[in-house]
Amino acid sequence: MIESNKLSNLMAEGQVALGTWNLLNDQSIIEILASVQFDFVIIDMEHGAHTFDQAMNLIRAAEARGIVPLLRPNGVDESCILRALDCGVHGLMVPNINSIKQVEELIKFTYYPPIGDRGHSPFTRAGKFNYLNSTVRMEELNLNTFLGILIEGTEGINQLESILNSFSEYLDLVYVGVYDLAKSVGSPGDIKSPKVITYIKEITSICLSREVNVGILCNDIEMLDMAKRNGIKFICYQNDTGIFYEASKNISSKAKEKIDL
């Protein structure tokens with residue numbers, strides 16, 4: 001269960017946090033990612049088909065193997081955010097952020113008073129299933145819950161400076177949703193287009209000037225090199241389905257080449 005903000009601490013030390021998105025509902029996938037030294041996994045409840053019961057078991061698997069479990073809810077939805085946090089997830093990656101109002105609501109739903117107004121039951125997994133020392137536990141969760149927002153289009157980019165001016169102290173990460181960004185700037189599917197790369201650099205400059213870390217998705221070494229050059233320290237390498245596809249394709253190609261010989 002959450003005892004520290006491991007990812008923010010890692011990035012504060014100048015290290016890169018490497019992880020991926022999770023669409024496959026199997027605890028073994030989480031264990032494999034942990035065994036190859038991934039730092040985090042993001043349980044995707046926007047594009048994935050997970051139920052909360054399934055998500056809780058994935059969180060348990062992550063904790064058992066020392067990989068940080070984050071979760072993407074379907075948006076700034078109070079019920080979804082509350083249930084995710086009560087399951088014991090270590091942090092949120094919240095999609096489609098376009099306005100100060102959304103971030104204000106997100107902080108209200110994520111943090112307990114005096115920061116926000118998160119609903120409280122000490123008898124959840126996050127509360128360690130008991131009411132003893134619940135005030136201290138609320139303070140611990142306020143301190144250690146990782147909060148990331150996804151900027152996925154030009155509307156969000158235009159509001160980013162205002163969002164950070166008001167709320168940077170409560171945000172651990174701004175994540176650039178490169179595929180939706182590419183779509184919004186007229187380059188659908190091309191996350192390496194000059195427009196997308198320019199926006200990634202602009203977002204990174206704005207965020208780092210306010211000491212907020214930046215994250216992106218990388219599909220290959222070229223994207224990883226670009227991220228490194230620009231000071232991006234939170235890297236999602238594809239997602240679990242993409243990693244499985246890439247590995248399977250490579251194995252199949254090499255095996256069939258040998259067999260055909």
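1. Basis. The model is predicted: local features need pLDDT of at least 70, side-chain atom pairs count only at pLDDT 80 or more, and totals for chains, interfaces and linings use all residues. Residues are numbered from 1 along each chain as its sequence is written, and side-chain values use heavy atoms, with hydrogens and water left out.

2. Barrel. Eight strands close into a barrel with parallel pairing, in the order S1-S2-S3-S4-S5-S6-S7-S8 (strands are DSSP runs of E, at least two residues, and helices runs of H or I, at least four, numbered from the N terminus; strands pair if DSSP finds at least two bridges between them). From one strand to the next, the twist averages 25°. Strand S3 (residues 68-72) runs parallel to strand S4 (residues 91-94), joined to S4 by two bridges; Leu92 in S4 is the bridge partner of Leu71.

3. Helix H5 and its buried side. Val103, Leu106, Ile107, Phe109 and Thr110 are the buried residues of H5 (under 20% relative accessible area, 1.4 Å probe, protein chains only). These residues lie on the same side of H5 because they cover an arc of only 165° around the axis, taken from the directions from the helix axis to the C-beta atoms. Their cover includes helix H4 (78-86), S4, S5 and H7, where contact means heavy atoms within 4.5 Å.

4. H5 against H7. The axes of H5 (residues 100-110) and H7 (residues 154-167) come within 9 Å and cross at roughly 35° (axes are lines fitted to C-alpha atoms, for helices over the stretch in contact, with angles from 0 to 180 degrees between N-to-C directions). Ile100, Val103, Glu104 and Ile107 in H5 meet Gln159, Ser162, Ile163 and Phe167 in H7.

Terms used. Buried means under 20% relative accessible area, exposed over 50%, partly exposed in between (1.4 Å probe, protein chains only).
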